[in-house]
Amino acid sequence: MANTETALKEALASIEGATGVALVDYTSGMALGTLGGSKSFDLNVAAAGNTDVVRSKMRTMEHLGLKGGIEDILITLTDQYHLIRLISGRGGNGLFLYLVLDVKRANLAMARHQLKKIEEDLEV
């Protein structure tokens, strides 16, 4: 089992092309931990903004009567992938991992696989 700091460090170090990662509480919009990012890319602002994405998707699923759970949400930009992975189990209700990837260096399939493994090992 990994704590928040260990999980964030593992994501940034082990996922090729990762430039930033955060653990976010989507009930409040607050980042519980961040690592990476840059002066021009504030992970706390991104965490708050992506909280709206998660809430919107959950509302839409509810209106449509969809019963399945969200595993992850992918946003593709011209130079970045933004991967949102909802935390399941072990007290993770209301939390998600947010990963920013450089399109030129990232392998999206491997990033999803590795982030799932990190999420499974995370203890919050």
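These notebook entries record what I looked up in a predicted model.

**Conventions.** I note that the model is predicted, that local features need pLDDT of at least 70 and side-chain atom pairs pLDDT 80 or more, and that totals for chains, interfaces and linings use all residues. Residues are numbered from 1 along each chain as its sequence is written, and side-chain values use heavy atoms, with hydrogens and water left out.

**Entry 1: strand β5.** I recorded seven of the eight residues of β5 as buried, where buried means under 20% relative accessible area, exposed over 50% and partly exposed in between (1.4 Å probe, protein chains only). Strands count as paired if DSSP finds at least two bridges between them. β5 runs antiparallel to β1, with seven bridges, and Val21 has Leu99 as its bridge partner. β4 also pairs with β5 in the antiparallel sense, over seven bridges; there His82 stands opposite Val100.

**Entry 2: Arg85.** I located Arg85 in strand β4. Arg85 is buried, with a relative accessible area of 7%. Its side chain makes a polar contact with the side chain of Glu119 at 3.4 Å; such a contact is a pair of N or O atoms within 3.5 Å, and within protein one must be able to donate a hydrogen and the other to accept it, while residues adjacent in sequence count only if both atoms are side-chain atoms. Leaving aside residues up to four places away in sequence, Arg85 touches, among others, Glu71, Asp72 and Leu97 (contact: heavy atoms within 4.5 Å).

**Entry 3: aromatic pair.** I searched the whole structure and found one aromatic pair. Rings of Phe, Tyr and Trp (its six-membered ring) pair if their centres lie within 6.5 Å; planes under 30 degrees apart count as stacked, over 60 as edge-to-face and the rest as tilted. Tyr26 and Phe96 are stacked, 6.4 Å centre to centre with 25° between the planes. Tyr26 lies in the loop between β1 and β2 (30-36) and Phe96 in β5, so the pair ties together parts 70 residues apart in sequence. Both residues, Tyr26 and Phe96, are buried.

Methods
Helix = DSSP H or I, 4+ residues; strand = E, 2+ residues; numbered from the N terminus.
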